[in-house]
Amino acid sequence: MKHLIFFLLFSTIVFSQNYHYAIEDAPVKAPEIPVGVNNQLEEIKYFEAYLLPIAQKASLQAALDLHGSVRLEKGDYSGVDIVMKSNQRLYGYPSLTKVSNITITAGSTGVVLENLLPQDKTITLQAGGVISNCTFKSIKWATLKATNATFTNNTFINYGGNILIDCSQSGYFRNNKFIKHQSGGLTTVLTMKGNTATPSYGNVNLHTNFLTPHGDTSELDNLVSATFVGIDAEGWNLTGDGTKAMFKASNMGNVKMTDLGGGNSYSAVRTGAYDIDAANVSILNKKLFTEFDVISPRTNMIMIAALGGYKRGSGTVTGYDLWGNLDNTNSLKYNNVEQTTAITNTAIVSNLSASILGNQYTPWSRPTWETLPDPTGANWRSDRVGKPDSTTYIQNLINTNGVAELPEGVFYISSTLKVPLDRAHGIMGKGTGKTSIVGLKDDFPLITLTGGQDDNFVLAHLTLQGGNTGVYSSQNFGTQHMSFVWLKYVVFRDQNYGFQLEKMMGFDNNFFDNISFVNCNKGFFQDPLVNGDSDHSSFVDKTMFYRSQFINCNTAVSMLATRADNLNAWVDCKFSGGQTALSLGGNNYPIAANCDFTGFTGKQVISSGDISLYNSNFYSNSTTVSTIKSINSYIEGCNFSDGTTLFSSVIYNPVNAYIVNSTVSGTVASLVIDGDWNSKYSGVFMNSNFVSSPTLSKLLVNVKEGTITVIINTASNPYPQLLVTR
């Protein structure tokens, strides 16, 4: 009986909180509750965590120690330092919850920190026992410090702030993933130092943005290896507080870099893009260069598809230079001599082969994608007829509370919900399988964003279904420039456009965490301004889709920019079914990493000016022309299992392809005509397997405007070398 009374009281409280109306509003019936549909696994863990009210923030540590998993309300929980131990989880509110300093106890495993704002505070990895298999996701403006700590196999995702790792005296860091790191405004925003006795290696930085550091940017020292896939560095040494190159690395073993862009022409002190002392350096797709760039004399350098050379540091040069299509020459040069036949010098072949093959390590594990919840079922269109209208109810919650917190249920609306872009408004449900907003008709956007300059909004844990658009942004609703839009767990279903940016301005440094699109004409749609003035054109910069699914969308992503988009990425994403996965234009360094592309039936799976593909798989596609239509393709560690021709021609443009450590089943050495211009075809193939063209399955091949030259006539043995762990 006691439990029954408690349940009734609790239910009444929840009902009264969730259904508070103005006096003049007619009450709305309780929404239908989806039956037999559950949330996604991470959502389940989030909502199962103990909810600690902000009024009890002084007991945060006690709650963690008692319950193990704690989630916080929106607001300020700072003032209490936090110590995290093994398997403890701390979840902030989707708008980010302010907290104080956090220490990860030495020897901890399985710690999770998510959606937290330790602004101007420190997250410390304690020295001592090994810290392993921890996740730090969506952390903003915190300094990560690890001094003589020992940590392995941890994942840092969407980390905003300085990362300062100093294991120069003891400890080590190995096989950690840094996926989307953004920092700037200070001096030395990335430090990674190791030691010889307990070496550090296997760490991968995927998607790095150094935004106007006032002084020196990065310092790496004494690491066995370091890998950076995608760097956008802007305005380093902005106020002249530093003297070093943007990427400063000393006493290194193997350094691998790709997709390097940015510039510092407007900085108070101009220094080099890089100053690297390493045994081996490989760079793929580099457009960032200065007259101050330096490589040490001992370094063996492999540079493919790059603009701008470098100077050798002082001393006797003992390393070699291998350049493939440097400065758009389409030539392959060894020590500045173009190679037009196979290299026969056994010593040179041996040295080059050792660098190209490297060591075979374990590729990043393939993501496991859940079946997305479908809370309204197959008959949702007919089921919505005659349902009560919750538009006024939800809009009142937005207007009154800022973030409308919806309970479980299906909410039907007849007109758009207006959400201001001011960091304080939005909508949050109880999970993608438990809370849905459904359009009663399909002639309006479910959510319209209003106003906002360098601002954002909250959207989390719900399904948006029907209407003509899920989320709509437009200059018609005020000047809009969005940054740090960090959305999590939203499923867009059955819309013409899922997320539409119509003729608005910037969309910068955003993170879409498990944001998925199902049965949409276009999932994510950048519909840009067409004014040629860059100050009035549209761009999407440094935005990452993480573990998103694009299911049966005609075009999963359409981003045809008028001012170049820069360093957008899709990581651990699933593209399945439809006509086109990625339709891109005017994009610099778009990256798809560890993704799957399957079931596409249009002309191409990907159409883009440039595209970079890493550890991605293409299979069960039946495109009518080719797999890729791109001016420049940068490919490493990928598998193309379809028999379709890999590339199309691009009207009025040459086609360049750089294929490294990959396997291609279809034809590659000739272009399929797609338009009225037969493009010239050039590229570099390195350690790749071409099932339909075995003569290309060699360690090094150069293609210069259709002329194929085998440079190292040794059989290839492809395996990924970028997104790997040791």
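Which strand gives the most to the lining of the second largest cavity? The views below, taken from a predicted model, include that site.

**View 1. Lining of the second largest cavity.** β13 (155–160) gives the most to this lining, with 3 residues. Both β13 and β16 (177–184) supply at least two residues each. The residues that line the second largest cavity are N158, Y159, G160, K180, Q182, F484, W486 and N509. By class, 3 of them are nonpolar, 4 polar and 1 charged. The volume of the second largest cavity is about 30 Å³.

**View 2. Lining of the largest cavity.** The count of cavities of 30 Å³ or more comes to 2, and the largest holds about 50 Å³ of space. Its lining consists of E42, E43, Y46, Y91, E114, K137, H461, K488 and Y489. Helix α2 (41–48) and strand β40 (486–493) each supply at least two of the lining residues. α2 gives the most, with 3 residues. The lining of the largest cavity divides into 5 charged, 3 nonpolar and 1 polar residues.

**View 3. The buried face of helix α3.** Within α3 (residues 60–67), the buried residues are L60, Q61, A63 and L64. Seen down the helix axis, the buried residues of α3 fall within an arc of 160 degrees, so they line one face of the helix. An α-helix has 3.6 residues a turn, so residues three or four places apart point the same way. The cover over the buried residues of α3 includes strands β1 (50–52), β2 (69–72), β3 (82–84) and β4 (89–91).

**View 4. The residue after α3.** G68 follows α3 and has a positive phi, near 85 degrees.

Note on methods. Residues are numbered from 1 along each chain as its sequence is written. This is a predicted model: local features need pLDDT of at least 70, side-chain atom pairs count only at pLDDT 80 or more; totals for chains, interfaces and linings use all residues. Side-chain values use heavy atoms; hydrogens and water are left out. Buried means under 20% relative accessible area, exposed over 50%, partly exposed in between (1.4 Å probe, protein chains only). Helices (H or I, at least four residues) and strands (E, at least two) are DSSP runs, numbered from the N terminus. The arc is that of the directions from the helix axis to the C-beta atoms. Contact means heavy atoms within 4.5 Å. On a 1 Å grid over the protein atoms alone, a cavity is a set of points where a 1.4 Å probe fits but cannot get out, and a pocket is an open set with protein on both sides within 12 Å along at least five of seven lines; lining residues have an atom within 4 Å of a point. Grid points are joined across faces, edges and corners, and a volume is the space filled by probe spheres set on the points. Ala, Val, Leu, Ile, Met, Phe, Trp, Tyr, Cys and Pro count as nonpolar, Asp, Glu, Lys and Arg as charged, and the others, Gly among them, as polar.
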